[in-house]
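Biologist: I would like to learn how to read a structure step by step. Where do we begin?

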Amino acid sequence: MNYLDWIVLALTLIFVVSYGIYRSREKHTMDSFLLADQSLPWYHVTLSLMATQASAITFLSVPGQAYTDGMRFVQFYFGLPLAMVVLCVTFVPKFHKLKIFTAYEFLESRFDLRTRALTSFLFLLQRGLSTGLSIYAPSLILSTILGWDITLTNIISGGIVMIYTITGGSRAVSHTHMQQMAIITIGMVVAGFMVVKFLPETVSFSDALHVAGKMGKTNVIDFTFDLNNRYNVWSGLIGGFFLQLSYFGTDQSQVGRFLTGSSEGQSKLGLAMNGLLKIPMQFLILLVGVLVFAFYQFSTPPLFFNQTAVDKIKNTPYAAEYQLLEDKHAVIQGGKHKQVMALTDAVKIDDENAIGISRTALADTELKVKEVRKEATTLLSKASGSDVNDVNYIFLRFVIDYLPVGMVGLLIAVILLASMGSVASAYNSLASCTVVDIYKRMYRKDDDSRNYVAASRWATFFWGIFCIAVAQYASRLGSMIEAVNILGSLFYGVILGIFLVAFYFKKIGGRAVFWGSLIGEVFVIASYILDLTAFLWLNLIGCVLVIAFAWIIEQIWPEDKIATLPV
């Protein structure tokens with residue numbers, strides 16, 4: 001990067017972190033450190049919810065997902081608005097009325113301590129692992145730009161966020177989220193504009209979209225009902241609904257965000273606006289990826305997008321062989337450019353016959369490109385054991401190679417800020433759950449508030465170290481946006497099932513739901529290992545299994561007394 005890029009990057013990061021610490025500089029109590037004294041307006045809640053979701057994974061992996069698989073990933077979010085409605089009607093009123101710190105506190109009064117502890121454990125496990133992926137994402141940036149060792153970059157990425165989360169708590173997290181979302185929105189809009197600007201003069205924005213569409217990248221809607229198809233309307237509406245309902249209603253990283261609302265109404269409005277804005281936001285990020293795909297149809301893309309891995313192989317005995325593959329790739333792409341221009345001309349005059357001929361030719365050329373890339377990834381794997389899935393590097397490589405001085409620094413700042421927002425919320429939620437559901441409940445029930453704040457800071461430190469350790473293994477998981485959602489789907493359905501039993505099945509007791517949850521979790525993990533269905537359906541399966549097994553166990557092995565949920 002240029003010196004100006006470094007200046008833009010440094011000033012942006014310093015401003016956001018300093019502002020968050022400044023706004024949270026007052027003396028902390030447990031309420032202020034974990035819930036910001038429940039004093040924030042709805043727009044704070046909305047932006048904080050969105051920033052918690054919009055990790056660096058979103059801005060690195062989603063454009064790459066669109067580049068390789070088209071825009072059908074947006075269907076993943078189709079169940080979100082409906083989930084927000086259900087949350088506003090059921091979860092939010094109960095959580096506010098109970099005046100809880102974590103989503104799992106009321107499970108003890110409804111069931112028993114072990115059910116609360118099991119649910120907390122499931123959350124801590126999946127959120128700790130997912131946060132490791134969120135830390136790894138910005139490490140890709142620094143390691144690619146600076147050539148740093150990935151272990152060192154993981155420590156830096158996770159450590160910086162740990163410092164201001166320990167210092168400022170929930171209020172610092174929420175205030176930095178506002179600045180982060182403003183900068184992120186500006187950065188991604190500018191990125192999309194720059195991609196269009198770099199297209200050939202004879203190719204307009206609509207031409208680029210038409211070309212991408214003819215090549216199967218604008219496949220937004222798919223009504224085919226197929227349990228093995230990861231992204232269609234039905235998996236998004238049904239599986240996505242249960243995933244989003246569990247994520248926002250039972251995951252402390254999100255519950256902790258909307259509990260900071262100054263009233264029940266402010267929390268509801270914050271959730272509702274999140275439901276309205278998330279799909280358009282995700283659509284626009286995917287659109288940027290499609291535009292990058294269209295750009296590379298008129299300009300030769302790299303054979304492999306991870307430049308660090310390419311630089312490594314050029315210092316090995318495989319260098320000459322890899323160079324031959326790059327030369328072959330360049331020749332194929334040269335012929336492809338002519339075919340793409342022919343397709344563009346055919347689209348402009350709406351010549352269906354010419355469009356069909358061009359699409360067939362391009363399909364044959366794409367097969368040749370895939371064969372060369374397969375040979376390249378095999379060679380890269382032999383040479384250094386590098387990550388041979390480069391989907392997470394596509395957008396980053398475009399930013400570094402093509403954006404002007406200053407813009408590179410801004411876009412890198414956008415991705416780093418996104419990481420900081422999601423990781424800070426995760427640290428805060430992990431600390432909340434650890435202190436409230438374990439330390440305060442089981443070890444120090446009636447201690448001084450200052451002790452709990454200190455314990456929260458130590459818990460943040462512990463989880464920061466854990467998540468950084470997990471980040472060291474994230475490179476083996478392929479597309480990070482899919483990996484983090486698959487990981488969530490292994491646990492969210494079961495956790496949601498526990499909460500739904502608590503809300504709606506008053507005759508089922510703690511013993512039945514505890515064992516039903518354990519059996520349901522085993523079934524979910526087995527379904528994933530055996531690849532019985534696409535991962536989004538695991539959220540529905542886990543939820544239904546917990547309810548079903550708990551009901552059956554209650555009939556066979558009823559409890560003498562069943563706790564009731566406070567109203």
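Modeller: From H5, the residues Leu80, Pro81, Met84, Leu87, Cys88, Val92, Pro93 and His96 meet Glu264, Ser267, Lys268, Leu271, Ala272, Asn274, Gly275, Lys278 and Ile279 of H12. By class, this contact of H5 with H12 holds ten nonpolar, four polar and three charged residues. Keep in mind that the model is predicted.

Biologist: At what angle do the axes of H5 and H12 cross?

Modeller: The axes of H5 (residues 80–98) and H12 (residues 264–298) cross at roughly 165° and come within 9 Å. An angle over 145 degrees counts as roughly antiparallel, so H5 is roughly antiparallel to H12. The crossing of H5 and H12 is right-handed.

Biologist: Which residues make the contact between H5 and H10?

Modeller: Take the geometry before the residues. H5 packs against H10 (residues 233–250) at an angle of about 30°, and their axes are 9 Å apart. The crossing of H5 and H10 is right-handed. On the H5 side the contact is made by Leu80, Leu82, Ala83, Met84, Val86, Leu87, Phe91 and Phe95, and on the H10 side by Phe241, Gln244, Leu245, Phe248, Gly249 and Thr250. Sorted by class, the contact of H5 with H10 has eleven nonpolar, three polar and no charged residues.

Biologist: Now the charged residues. How many salt bridges are there?

Modeller: The general idea is that side chains of opposite charge can pair when their charged atoms come close. In this model the count comes to ten salt bridges. One of them joins Arg116 to Glu108, with the closest N and O atoms 2.8 Å apart.

Biologist: Are Arg116 and Glu108 buried or exposed?

Modeller: Arg116 is buried, and Glu108 is buried as well. Another salt bridge pairs Arg114 with Asp112, where the closest N and O atoms are 3.8 Å apart. Arg114 has a relative accessible area of 35%, so Arg114 is partly exposed.

Biologist: Which residue forms a salt bridge with Lys348?

Modeller: Asp207 is the partner of Lys348, and their closest N and O atoms are 3.7 Å apart. This pair links distant parts of the chain, for Lys348 lies in H14 (residues 319–348) and Asp207 in H9 (residues 205–214), 141 residues apart. Lys348 has 43% relative accessibility, so Lys348 counts as partly exposed. Asp207 has a relative accessible area of 10%, so Asp207 is buried.

Biologist: Which residues do salt bridges with shared partners join into one network?

Modeller: The network consists of Glu108, Arg116, Asp437 and Arg441.

Biologist: Asp437 makes me curious about a neighbour. Which residues is Ser120 in contact with, leaving aside those within four places in sequence?

Modeller: With those neighbours left aside, Ser120 is in contact with Tyr104, Cys433 and Asp437. Ser120 lies in H7 (residues 113–146). Its relative accessible area is 1%, so Ser120 is buried.

Biologist: One last case, please. How many residues apart in sequence are Val544 and Gly497?

Modeller: Val544 and Gly497 are 47 residues apart in sequence, while their C-alpha atoms are 6.7 Å apart in space. Val544 has its place in H21 (residues 537–556). At 44% relative accessibility, Val544 is partly exposed.

Terms used. Residues numbered from 1 in each chain as written. Predicted model: local features only at pLDDT ≥ 70, side-chain atom pairs only at ≥ 80, totals over all residues. Heavy atoms only, no water. Axes fitted to C-alpha atoms, helices over the stretch in contact; angles between N-to-C directions. Helix = DSSP H or I, 4+ residues; strand = E, 2+ residues; numbered from the N terminus. Parallel < 35°, antiparallel > 145°, perpendicular 65-115°, else oblique. Left-handed = near helix turned anticlockwise from the far one by under 90°. Contact = heavy atoms within 4.5 Å. Nonpolar A, V, L, I, M, F, W, Y, C, P; charged D, E, K, R; others polar. Salt bridge = Lys/Arg side-chain N within 4 Å of Asp/Glu carboxyl O. Buried < 20%, exposed > 50% of the residue type's maximum accessible area, 1.4 Å probe, protein only.
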